[in-house]
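Please open the model in your viewer and keep the sequence panel beside it, as each stop below begins with a selection. The model is a predicted one, and the tour should be read with that in mind.

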Amino acid sequence: MQLRNSSSRYGGVSIFLHWGVALVVIGLFALGLWMVGLDYYSTWRKDAPDLHKSIGLVLFAVMLLRVLWRFVSPPPPVLSSYSRMTRLGARLGHGFLYVSLFAVMIAGYLISTADGVGIPVFGLFEIPALISGLPDQADIAGAIHLYLAWALVIFSGLHALAALKHHFIDRDATLTRMLGRKA
């Protein structure tokens, strides 16, 4: 499999980033839902949020690389069989996924740094608190983080359903290109 994208399909780097980010987002969402239900006496009460933050910060770095990779190796053009509305929907949908994912991560950062304390990443290094002390920073960022995380996961599910529709109903190469196969 080629590393770079071609005019007909995605390359290995794009495929790895796409599916890797998808799995991590689902995992972070599940971890987030689980950890907010932990009680005071749970042994995971401190470790789960630390793990969630560390993975989220690594995901942020990976997403920056993913955006950079789109410039280095542009994605294949949309299929010529797409209608004008499908093209617009794909562009808007992908834009929403990128923007909402970055917004969720930035909101998470603002929750964690509201008190002016940096965020340790797996105990290896610390991301400093660059923005802190804003009025109700943790509460507002927390609400944004929660609602956008739900929106992101729901929209990701719709994204997956759209890919399956393209594959099974339209019988086009949309899904196979992201699996690295020829149409």
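Select Phe-122 to begin, and you will find yourself in the loop between β1 and β2. Most residues other than glycine have a negative phi. Phe-122, however, is not a glycine and yet has a positive phi of about 50°. With a relative accessible area of 45%, Phe-122 is partly exposed.

Next, move to Arg-171, which lies in the loop between α4 and α5 (174-178).

Now turn to the aromatic side chains, of which the structure holds five pairs. A pair of aromatic rings is described by the distance of the centres and the angle of the planes. Select Phe-29 and Trp-150 together: their ring centres are 4.8 Å apart and their planes stand at 90°, so the pair is edge-to-face. Colouring by element will show that this pair links distant parts of the chain, with Phe-29 in helix α1 (residues 12-36) and Trp-150 in helix α4 (residues 137-170), 121 residues apart. Are the two partners buried or partly exposed? Phe-29 is buried, at a relative accessible area of 17%, whereas Trp-150, at 39%, counts as partly exposed.

For the last stop, select helix α2, which covers residues 44-72 and has 29 residues. From its first C-alpha to its last, helix α2 reaches 41 Å, close to the 42 Å expected at 1.5 Å a residue. Which residues of α2 are buried? They are Ala-48, His-52, Ser-54, Gly-56, Leu-57, Leu-59, Met-63, Arg-66 and Trp-69. Show their surroundings as well, and you will see that the buried residues of α2 pack against helices α1, α3 and α4 and against the strands β1 (119-121) and β2 (125-127).

Conventions
Residues numbered from 1 in each chain as written. Predicted model: local features only at pLDDT ≥ 70, side-chain atom pairs only at ≥ 80, totals over all residues. Heavy atoms only, no water. Phe/Tyr/Trp six-rings, centres within 6.5 Å; stacked < 30°, edge-to-face > 60°. Helix = DSSP H or I, 4+ residues; strand = E, 2+ residues; numbered from the N terminus. Buried < 20%, exposed > 50% of the residue type's maximum accessible area, 1.4 Å probe, protein only. Expected span 1.5 Å × (residues − 1). Contact = heavy atoms within 4.5 Å.
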